[in-house]
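This briefing sets out selected local features of the model shown below, grouped by topic. Please read it alongside the sequence and the coordinates.

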Amino acid sequence: FRRVLFRSTPKITVTKICPPTPVLPGGLLVFSGTVSNSGTAPLTNVMVVNNRPAPNTTVFGPVTLAPGQVTNFTGGYLVASGTCGPAVDTLTARANATCTGNLVTDTSSAGCPVATTPALGLASACPLTAVPRGETLTYQGSVSNAGNATLTNVIVFASLPTNNTPVFGPISLAPGDQLDFEGGFIVPLGPCAASVSYTLAATANSACNGSNATKTV
């Protein structure tokens, strides 16, 4: 009789697919993927792990896959607050060949887009008591990061004593941060005015893409 020899080739393949819409910083990124037996030998202990949120985080498995068999999976992790994007992680699939026990692996990485929106918050408050004409009026204020992208070059300007007078900054603000400031000017000596009006304006740049953010009160 004749003995026919053949060689089985163990192989595994993993793919990753980003969510259809960009995820927000601090939000849950849910990805999908497939793992397949792309060789000619049955595979056991098929596992898919991710390096986020921690190394070797289990995403799928263990299962057994016959040659040519494909299966789907999903996974997810929280994107850190202040992340500009893309959010990058690496999936690793590993398995053992049934015939030899040899380990086979494959990896797949993808940078999923992150949606950032720069925004400023700005508030001010007049002193509690009236200020005589010709004396200094000191007001209180606060500037905050009302968006989900870190802001740089945050500056507050006032319309008095002259237009675009710098009052506060430049500083940087992480999402949710708020800082207080104060400013002042000499109350005009006009004979009739019972009150005086001023305008504050804040400007900043997104640390993610450099886009501008403004706010006026």
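**Loop between β3 and β4**

Pro53 is located in the loop that connects β3 and β4; strands here are DSSP runs of E with at least two residues, numbered from the N terminus. The model is predicted, so local features are reported only at pLDDT of at least 70 and side-chain atom pairs only at pLDDT 80 or more, whereas totals for chains, interfaces and linings use all residues. Residues are numbered from 1 along each chain as its sequence is written, and side-chain values use heavy atoms, with hydrogens and water left out.

- The peptide bond between Arg52 and Pro53 is cis, with omega at about 5°.
- Asn56 also lies in the loop between β3 and β4, and its phi is near 65°, a positive value in a residue other than glycine.
- Asn56 is exposed at 53% relative accessibility; exposed means over 50% relative accessible area, buried means under 20%, and partly exposed lies in between, for a 1.4 Å probe and protein chains only.

- Strand β4 covers residues 57–65 and runs antiparallel to β3, to which 5 bridges join it; two strands count as paired if DSSP finds at least two bridges between them.
- Within this pairing, Val49 has Thr58 in β4 as its bridge partner.
- The two strands β3 and β4 form a hairpin with 6 residues between them, and Asn56 belongs to the turn.
- Asn50 is part of strand β3, which spans residues 43–50.
- Asn50 is buried, with a relative accessible area of 2%.
- A polar contact of 3.2 Å links the side chain of Asn50 to the side chain of Asp89; a polar contact is a pair of N or O atoms within 3.5 Å, where within protein one must be able to donate a hydrogen and the other to accept it, and residues adjacent in sequence count only if both atoms are side-chain atoms.
- Residues up to four places away in sequence aside, Asn50 touches several others, including Phe31, Pro55, Tyr77, Asp89 and Leu91; contact means heavy atoms within 4.5 Å.

**The open sheet β1-β2-β5**

- Three strands in the order β1-β2-β5 make up an open sheet with antiparallel pairing.
- Both β1 (12–17) and β5 (70–78) are edge strands with a single partner strand each, so one side of each is left without a neighbour in the sheet.
- From one strand to the next, the twist averages 25°; angles run from 0 to 180 degrees between N-to-C directions, with axes as lines fitted to C-alpha atoms.
- The antiparallel pairing of β1 with strand β2 (residues 28–37) extends over 6 bridges, and Thr15 stands opposite Thr34 in β2.
- Lys16 lies over the face of Phe31, at 5.3 Å from the ring centre; a charge sits over a ring if NZ of Lys or CZ of Arg is within 6 Å of the ring centre and within 35 degrees of the ring normal.

**Asn37 in β2**

- Asn37 belongs to strand β2 and is buried at 2% relative accessibility.
- The Asn37 side chain reaches two backbone atoms: the nitrogen of Gly39 at 3.1 Å and the oxygen of Leu65 at 2.9 Å.
- Beyond its neighbours within four places in sequence, Asn37 is in contact with residues including Lys11, Leu43, Leu65 and Gln69.

**Aromatic pairs**

- The structure holds 6 aromatic pairs; rings of Phe, Tyr and Trp (its six-membered ring) pair if their centres lie within 6.5 Å, and planes under 30 degrees apart count as stacked, over 60 as edge-to-face and the rest as tilted.
- One of these is the stacked pair of Tyr139 and Tyr198, at 4.5 Å centre to centre and 20° between the planes.
- Tyr139 lies in strand β9 (residues 136–145) and Tyr198 in the loop between β12 (178–186) and β13 (200–206), so the pair ties together parts that are 59 residues apart in sequence.
- Tyr139 is buried at 1% relative accessibility, and Tyr198 is buried at 14%.
- Tyr139, Phe185 and Tyr198 form one aromatic cluster.

**Other loops**

- Ala119 sits in the loop between β7 (103–112) and β8 (120–125) and is partly exposed at 24% relative accessibility.
- Ala119 and Thr214 are 95 residues apart in sequence and 7.2 Å apart in space, C-alpha to C-alpha.
- Pro161 is placed in the loop between β10 (151–158) and β11 (165–173), and the peptide bond from Leu160 to Pro161 is cis, with omega near 10°.
- Asn164 lies in the loop between β10 and β11 and has a positive phi of about 60° although it is not a glycine.

Technical notes: Helix = DSSP H or I, 4+ residues; strand = E, 2+ residues; numbered from the N terminus.
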